[in-house]
Amino acid sequence: MKKIAIIGSGNIGLSLAKGLVKADFAQAANITLTRRNIDHLKSFADAGFVVSNQNKEAVVSADVVILAVLPQQLNTVLDEIHSFIDPAKHLVISVISGVSCAAVREKLGESVEVIRVMPNTAIAIGQSMTCIASDNASAENIADVTKMFETVGSVVKINEDLMTSATALCACGIAFFLRAIRAASQGGVEIGFHADEALKMAVQTAKGAADLLLLHGTHPESEIDKVTSPKGCTIAGLNEMEHNGFSSSLIKGIKLSALKAGNLYTKES
Ligand SMILES: NC(=O)C1=CN([C@@H]2O[C@H](COP(=O)(O)OP(=O)(O)OC[C@H]3O[C@@H](n4cnc5c(N)ncnc54)[C@H](OP(=O)(O)O)[C@@H]3O)[C@@H](O)[C@H]2O)C=CC1
Ligand SMILES: O=C(O)[C@@H]1CCC=N1
């Protein structure tokens, strides 16, 4: 069983740790979680994870090092761990948005294999959409990392130049769809439901819509055509949403997020 160190155990690092254990890919005792303030990791220590504020020790005891700090925190971490990374032993995975594999290697050494992975927080429940890219990892290591992330959701291998687009569509996308669900539930309250029932109804309806596409393999418009009766209430509501910029606002938001994702990191930050 390989030992994993997650350097920077915040929202996504902890979601990943939970997902890997839940999927039986790893035992908690084989995952070291680091952050500076380990008081916040007490419940994870209680659940059997190794918790530490010592990145160097975590790296030395690991085979797989997962970088999960914020882009602006990365340089400090790389400066701290670079002399403890052994290219013959360590595989480095970075989930950090906007940082290329080459930029990580510039600090850790050219011979280190780096795989860039973009999951989303649904990884905690095995439902992530994860994109993977690398410009120097072996086919074997890419296959192993693909298998690892397939235990906690779906995986697509992409070219590295599309990583910031993947960040916007899939990682940020979780927040976009959640906001859409909240808005639907607020509409539900206005038309007569209590907030808790409206939210339950909106959530299950959203899940049904996503599952229709996944299970039927159809295009959204083809499923929409089955709902919109002629002169009916669905097309009336849908067209009103479009007149108010529903699709346009999602597209513009995704474009802006992708732009921002590409500008989160500078070597000097
Ligand atoms: N959140 C998401 O949905 C996704 C995030 N990402 C990427 O993952 C990265 C992390 O994002 P997110 O989890 O949201 O951010 P968080 O701020 O929640 O997590 C970052 C963690 O890093 C820790 N940290 C900071 N400096 C150090 C250090 N020197 N050594 C060890 N730990 C450190 C922080 O804890 P402390 O202050 O105690 O040290 C914190 O817990 C980002 O680069 C983001 O782009 C990618 C996909 C999805
Ligand atoms: O908002 C962010 O910058 C991070 C990257 C993707 C999801 N959260």
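Which residue in E5 does Val-64 stand opposite? Val-64 stands opposite Leu-91, and that pair is a handy way into the fold. Before going on, please keep in mind that this is a predicted model, in which local features need pLDDT of at least 70, side-chain atom pairs count only at pLDDT 80 or more, and totals for chains, interfaces and linings use all residues. Residues are numbered from 1 along each chain as its sequence is written, while chains are lettered from A and ligands numbered from 1 in the order in which they are written.

**The chain as a whole**

The C-alpha trace spans about 70 × 40 × 35 Å along its principal axes. Of its 269 residues, 34% count as buried, that is, 20 or more other C-beta atoms (placed from the backbone) lie within 10 Å of the residue's own.

**The sheet**

All eight strands form an open sheet with mixed pairing, in the order E3-E2-E1-E4-E5-E6-E7-E8. Strands E3 (50-52) and E8 (153-157) stand at the edges with a single partner strand each, so one side of each is left without a neighbour in the sheet. On average, neighbouring strands are turned by 25° against each other, direction ignored. Pairing here requires that DSSP finds at least two bridges between two strands.

| Strands | Bridges | Opposite residues |
|---|---|---|
| E1 (residues 4-7) and E4 | four | Ile-4 and Val-64 |
| E4 and E5 (residues 91-94) | four | Val-64 and Leu-91 |
| E2 (residues 31-34) and E3 | three | Leu-33 and Val-51 |

**Helices against the strands**

Helix H1 (residues 11-22) packs on the sheet and touches E1 and E2. The direction of H1 makes about 165° with that of E2, where axes are lines fitted to C-alpha atoms, for helices over the stretch in contact, and angles run from 0 to 180 degrees between N-to-C directions. Contact here means C-beta atoms, placed from the backbone, within 7 Å.

**Back to strand E4**

In E4 (residues 64-67), Val-64 and Ile-66 point one way and Val-65 and Leu-67 the other, and all are buried. E4 pairs in parallel with E5 over four bridges. From E4 the chain crosses through helix H4 (residues 74-81) to E5 in a right-handed β-α-β crossover: with the strands pointing away from the viewer, the path from the first strand over the helix to the second runs clockwise.

Methods. A residue is buried if 20 or more other C-beta atoms lie within 10 Å of its own, exposed if 12 or fewer, and partly exposed in between; C-beta atoms are placed from the backbone. Helices (H or I, at least four residues) and strands (E, at least two) are DSSP runs, numbered from the N terminus. Two residues are in contact if their C-beta atoms, placed from the backbone, lie within 7 Å.
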